[in-house]
Amino acid sequence: MERKFIKGMDLSTMLEMERCGARYFDGGREMDILSIMKNYDVDTIRLRIWNDPRSENGEPYGAGSNDVAETIAIGQCMISPRNL
């Protein structure tokens with residue numbers, strides 16, 4: 001019987017990290033994080049969504065500021081090519 005393992009990652013902060021200037025490397029070569037994950041057979045992605053991700057002033061709390069629009073934007077990156 002063949003055993004299959006799930007390879008998953010949480011990408012809830014992906015766009016926030018990119019807005020902060022995050023860069024990703026594999027073997028010393030800069031690459032898009034989604035390309036790196038595909039190369040390593042990642043097949044499951046978790047996206048968290050927060051009920052109230054901003055302060056009363058509208059400022060995001062950070063590392064957890066995913067509202068519906070942000071979560072949809074991240075999800076769309078998973079199903080269509082990105083232009084980075």
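This is a predicted model: local features need pLDDT of at least 70, side-chain atom pairs count only at pLDDT 80 or more; totals for chains, interfaces and linings use all residues.
Q: In which order do the elements of the protein run from the N terminus?
A: Helices (H or I, at least four residues) and strands (E, at least two) are DSSP runs, numbered from the N terminus. Here there are three helices and four strands, in the order β-α-β-β-α-β-α.

Q: What does the radius of gyration say about the protein?
A: The radius is taken over C-alpha atoms, and the globule rule is 2.2 Å times the number of residues to the power 0.38. For 84 residues the rule gives 12 Å; the protein has 15 Å, well over that, so it is more spread out than a compact globule. The C-alpha trace spans about 50 × 35 × 20 Å along its principal axes.

Q: Is M14 buried or exposed?
A: Buried means under 20% relative accessible area, exposed over 50%, partly exposed in between (1.4 Å probe, protein chains only). M14, in helix α1 (residues 14-19), is buried because its relative accessible area is 3%. Of the 84 residues of the protein, 24% count as buried.

Q: Which residues does T71 touch?
A: Contact means heavy atoms within 4.5 Å. Leaving aside residues up to four places away in sequence, T71 touches L47, R48, I49 and N66. T71 sits in helix α3 (residues 68-79) and is buried, at 13% relative accessible area. A polar atom of the T71 side chain lies 2.9 Å from the backbone oxygen of D67.

Q: Which residues line the largest pocket?
A: On a 1 Å grid over the protein atoms alone, a pocket is an open set of points where a 1.4 Å probe fits, with protein on both sides within 12 Å along at least five of seven lines; lining residues have an atom within 4 Å of a point. In this model the lining consists of D32, L34, S35, M37, K38, V42, I45, C77 and M78. The elements giving two or more residues to it are α2 (33-39) and α3. The largest share, four residues, comes from α2.

Note on methods
Residues are numbered from 1 along each chain as its sequence is written. Side-chain values use heavy atoms; hydrogens and water are left out. A polar contact is a pair of N or O atoms within 3.5 Å; within protein, one must be able to donate a hydrogen and the other to accept it, and residues adjacent in sequence count only if both atoms are side-chain atoms.
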